[in-house]
Amino acid sequence: LWGLEAAVGLPASSSAMALAETRVFEAPAALLVQGLGRARVTDLCMRQALIHLNTLQAEATCNALHLVPQRLAKWLARLHRANRAKEIRLTQAEIAQLMGVQRTAVNGAVRLLQDSATVRCSRGRIIIQDVGTLMRSGCGCPL
């Protein structure tokens, strides 16, 4: 749920980037509070915040422990799983920004995956050729 915090009077996040096929349904925060009650909406906000914090903690641990090629393989496997598609439509610069690394690091990691025939790249697209090898190349952190 994006912007749920607005239903309990907190400032809503200003932007989001969908990395998988996404359907968006918009509803006024007041309608949500009216339908579910303020206590239930507050509970949902707290649960979502805890999930977000746990995810950030897991990603920070992964970033500290694993090299860019392992993390990239995990990211591509995650995007493949979310999209159920073999083609990821992101540039290496966009992936670098999402991973918090330099584009040159992503370029080198992609080259390793291409050399092992795991992926193939063309402008703004990474085509997954071998999902099994991609999964094994990843760091093993939860998808």
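Modeller: A term to begin with: a salt bridge here is a side-chain nitrogen of Lys or Arg within 4 Å of a carboxyl oxygen of Asp or Glu. By that criterion R40, D43 and R47 are linked in a network of salt bridges. Keep in mind that this is a predicted model.

Biologist: Noted. How many salt bridges in the whole structure?

Modeller: The search finds six.

Biologist: What does K74 pair with?

Modeller: E59, with 3.3 Å between the closest N and O atoms. This pair links distant parts of the chain, since K74 is in helix 3 (residues 68-83) and E59 is in helix 2 (residues 38-65), 15 residues apart.

Biologist: Are those two buried or exposed?

Modeller: Both K74 and E59 are buried.

Biologist: And which residue does R78 bridge to?

Modeller: R78 also meets E59 in a salt bridge, at 2.7 Å from N to O. That is again a link between distant parts of the chain, from R78 in helix 3 to E59 in helix 2, 19 residues apart.

Biologist: What else does E59 touch?

Modeller: Leaving out residues up to four places away in sequence, E59 touches K74, W75 and R78.

Biologist: Now the helices themselves. At what angle do helix 2 and helix 3 cross?

Modeller: Roughly 140°, with the axes coming within 10 Å. Helix 2 contributes E59, C62 and N63 to the contact, and helix 3 contributes R71, K74, W75 and R78.

Biologist: How many of the contact residues are charged?

Modeller: Four are charged, two are nonpolar and one is polar.

Biologist: C62 is in that list. Buried or exposed?

Modeller: C62, in helix 2, counts as buried because its relative accessibility is 1%, and buried means under 20%.

Biologist: What is C62 in contact with?

Modeller: R71, K74, C139 and C141, setting aside neighbours within four places in sequence. The C-alpha atoms of C62 and P142 are 9.5 Å apart, although the two residues are separated by 80 positions along the chain.

Biologist: Why are E87 and R125 called partly exposed?

Modeller: Partly exposed covers values between the buried limit of 20% and the exposed limit of 50%. E87 is at 24%, so E87 falls in that class. R125 is at 27%, so R125 does as well.

Biologist: Last one. Which residues make the nonpolar surface patch?

Modeller: L50, L53 and L56, which together make a patch of about 300 Å². Of these, L53 is found in helix 2.

Biologist: And why does L53 count as exposed?

Modeller: Exposed means over 50% relative accessible area. L53 is at 51%, so L53 counts as exposed.

Note on methods: Residues numbered from 1 in each chain as written. Predicted model: local features only at pLDDT ≥ 70, side-chain atom pairs only at ≥ 80, totals over all residues. Heavy atoms only, no water. Helix = DSSP H or I, 4+ residues; strand = E, 2+ residues; numbered from the N terminus. Buried < 20%, exposed > 50% of the residue type's maximum accessible area, 1.4 Å probe, protein only. Patch = residues over 30% accessible without salt bridge, like charges linked within 9 Å, V, L, I, M, F, W, Y side chains within 5 Å. Areas by Shrake-Rupley, 256 points an atom, 1.4 Å probe, with all protein chains shown as cover. Axes fitted to C-alpha atoms, helices over the stretch in contact; angles between N-to-C directions. Contact = heavy atoms within 4.5 Å. Nonpolar A, V, L, I, M, F, W, Y, C, P; charged D, E, K, R; others polar.
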